[in-house]
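Welcome, and thanks for taking a look at this one. Please open the sequence and the structure side by side before reading on.

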Amino acid sequence: AVLLALMALAAAGLGAAALVELRTTATIRGTTPQRLHRFLATPSNWPSIVASSHSVRAVGGGYVPSEPLRVGAAVDEIFGAPPVLPLSVRWQCEATDASAGLL
């Protein structure tokens with residue numbers, strides 16, 4: 001069903017990004033919004049907080065996953081059960097604003 005939806009979007013001239021939007025809201029006590037944003041914006045932290053995340057690697061040069069994502073930076077997140085089932089997804093940062101809680 002997802003493949004058919006993606007094919008329909010492609011036929012209509014729309015990318016997969018038009019299909020997926022991820023929003024999360026949480027309350028975390030004992031830290032500042034800026035420190036929390038920095039932690040969440042740093043891809044090398046993702047495997048420690050997402051059970052399915054195995055590792056991340058930078059896409060292209062000039063960016064390392066141990067730094068917070070900046071606009072235009074991209075990473076591949078490896079998940080599943082590598083090496084048996086090594087699935088991956090590419091994340092590209094389109095916006096980041098710690099004061100607005102946006103990533």
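Please keep in mind that the model is predicted.

Let us begin with the charges. How many salt bridges does the structure hold? There are 2 salt bridges, and Arg57, Asp76 and Arg90 are linked through them in a network. In general, side chains of opposite charge can pair when their charged atoms come close.

The side chains of Arg57 and Asp76 meet with a N to O distance of 4.0 Å. Because Arg57 lies in strand S1 (residues 53-59) and Asp76 in strand S2 (residues 74-81), this pair ties together parts that are 19 residues apart in sequence. Asp76 also forms a salt bridge with Arg90, and here the closest N and O atoms are 2.7 Å apart. Arg90 belongs to strand S3 (residues 85-92) and Asp76 to strand S2, so this second pair ties together parts that are 14 residues apart in sequence.

How buried or exposed is each member of the network? The table lists the computed values.

| Residue | Relative accessibility | Class |
|---|---|---|
| Arg57 | 47% | partly exposed |
| Asp76 | 10% | buried |
| Arg90 | 53% | exposed |

Asp76 counts as buried because its 10% lies under the 20% cut-off.

Now for the nonpolar side chains. Which residues make up the largest nonpolar core? This core has 7 residues, namely Trp46, Val56, Tyr63, Leu69, Ala73, Val75 and Cys93. In soluble globular proteins, nonpolar side chains tend to be buried together. Leaving aside residues up to four places away in sequence, Val56 touches Pro43, Ser44, Trp46, Pro65, Asp76 and Glu77.

A loop residue comes next. Thr42 is found between helix H2 (33-40) and H3, and at 6% relative accessibility Thr42 counts as buried. The contacts of Thr42, again not counting residues up to four places away in sequence, are Pro65, Ser66, Glu67 and Pro68. Pro65 is also touched by Val56.

Finally, the surface. Phe39, Leu40, Ile49, Val50 and Leu103 make a nonpolar surface patch of about 390 Å². Among them, Ile49 sits in helix H3 (residues 46-49) and counts as partly exposed at 44% relative accessibility.

How values were computed: Residues are numbered from 1 along each chain as its sequence is written. This is a predicted model: local features need pLDDT of at least 70, side-chain atom pairs count only at pLDDT 80 or more; totals for chains, interfaces and linings use all residues. Side-chain values use heavy atoms; hydrogens and water are left out. Patches are made of residues with over 30% relative accessible area and no salt bridge: like charges are joined within 9 Å, nonpolar side chains (Val, Leu, Ile, Met, Phe, Trp, Tyr) within 5 Å. Accessible areas come from the Shrake-Rupley method with a 1.4 Å probe; for residues, only the protein chains shown count as cover. Helices (H or I, at least four residues) and strands (E, at least two) are DSSP runs, numbered from the N terminus. Buried means under 20% relative accessible area, exposed over 50%, partly exposed in between (1.4 Å probe, protein chains only). A nonpolar core is a set of buried Ala, Val, Leu, Ile, Met, Phe, Trp, Tyr and Cys residues joined through side-chain atoms within 4.5 Å. Contact means heavy atoms within 4.5 Å.
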